[in-house]
Amino acid sequence: MIIVGFDPGIATLGYGVIKTEKRKKPEMLDYGIVSTPKEENIAVRLAMIEKGVKQIIDKYKPDEIAIEELFFAKNVKTAIAVAHARGVVLLTCIKECGRIYEYTPLQIKQALTGYGRAEKKQIQAMVKMFLNLKAIPKPDDAADALAVALTHAQTNKLGGLFSI
C-alpha cells in the first residue's frame, strides 16, 4: 500500500510517501515540500499548492492519503491562510484519490512515541528509526508529513475510523 502524508502549510507544505506491506517495516519512497513565495498573492499560492499536490498524487498513485489536522493557538491570520491551503489539499486529494484520513498532532505524537505531548525532536527521531533512515529528513515539514503517513500506516488497521 502506498500512503502519502501531508503537513499543511501556505508557505511550505510538507509531503512524505511511504510503502507498507504486511509483516514488513514501512519503506520511505520520497519526501519533500511544495513551497510558495510569500510575495505572491493567496490565490496564486493556492494554485501552486494544488499543482504540487496533484503532481505528487500522479507520480505515486497512493492508495490512501493522510493529512494533519490544524492546530493553532495564537496567530489567527496564519491559521486562516493555512486553512485555505489545507482546503486545497483536501479538495485535490478527494478528487484525485478519494481515500483521505486525518490525524491531530496529539494522535500523531501518540502513535509514534506513545506519548501525546512528545517534542518535535522525538517525533523526528522516531520517523528516522521507523523508516531506517541515515538522518532525520529535512526540512521539518517533510519529516512531519512522513510522521503523518506513518501514523496512518499504524492506525489504518482500524478501518475507516479516521476517514474524512
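Analyst: Ile 49 is buried, with a relative accessible area of 0%. Buried means under 20% relative accessible area, exposed over 50%, and partly exposed in between (1.4 Å probe, protein chains only).

A word on the basis. This is a predicted model: local features need pLDDT of at least 70 and side-chain atom pairs count only at pLDDT 80 or more, while totals for chains, interfaces and linings use all residues. Residues are numbered from 1 along each chain as its sequence is written, and side-chain values use heavy atoms, with hydrogens and water left out.

Ile 49 sits in helix α1 (residues 42–60). Helices (H or I, at least four residues) and strands (E, at least two) are DSSP runs, numbered from the N terminus.

Now its contacts, meaning heavy atoms within 4.5 Å. Neighbours within four places in sequence are left aside. Ile 49 then touches Gly 9, Ile 10, Leu 13, Val 34, Thr 36, Ala 85, Val 88 and Val 89.

Next, the core. A nonpolar core is a set of buried Ala, Val, Leu, Ile, Met, Phe, Trp, Tyr and Cys residues joined through side-chain atoms within 4.5 Å. The largest has 22 residues. Ile 49 is among those that touch the most other members, together with Phe 6, Val 53, Ile 56, Val 89 and Cys 93. At least two residues each come from β1 (2–7), β2 (12–19), α1, β4 (64–68) and α2 (76–96). The most come from α1, which gives six. Val 53 touches Phe 6, Leu 13, Val 89, Thr 92 and Cys 93, not counting residues up to four places away in sequence.

A second, separate core has 19 residues, including Ile 108, Met 126, Val 127 and Val 148. In helix α4 (residues 120–130), Ile 123, Gln 124, Met 126 and Val 127 are buried. The buried residues of α4 pack against α3 (105–113) and α5 (140–155). Ile 49 and Ile 123 lie 25 Å apart in space, C-alpha to C-alpha, and 74 residues apart in sequence.

Last, the sheet. Five strands form an open sheet in the order β3-β2-β1-β4-β5, with mixed pairing. Two strands pair if DSSP finds at least two bridges between them. At the edges are β3 (27–35) and β5 (100–103), each pairing on one side only. Strands β1 and β4 run parallel, joined by four bridges. Gly 5 has Ala 66 in β4 as its bridge partner.
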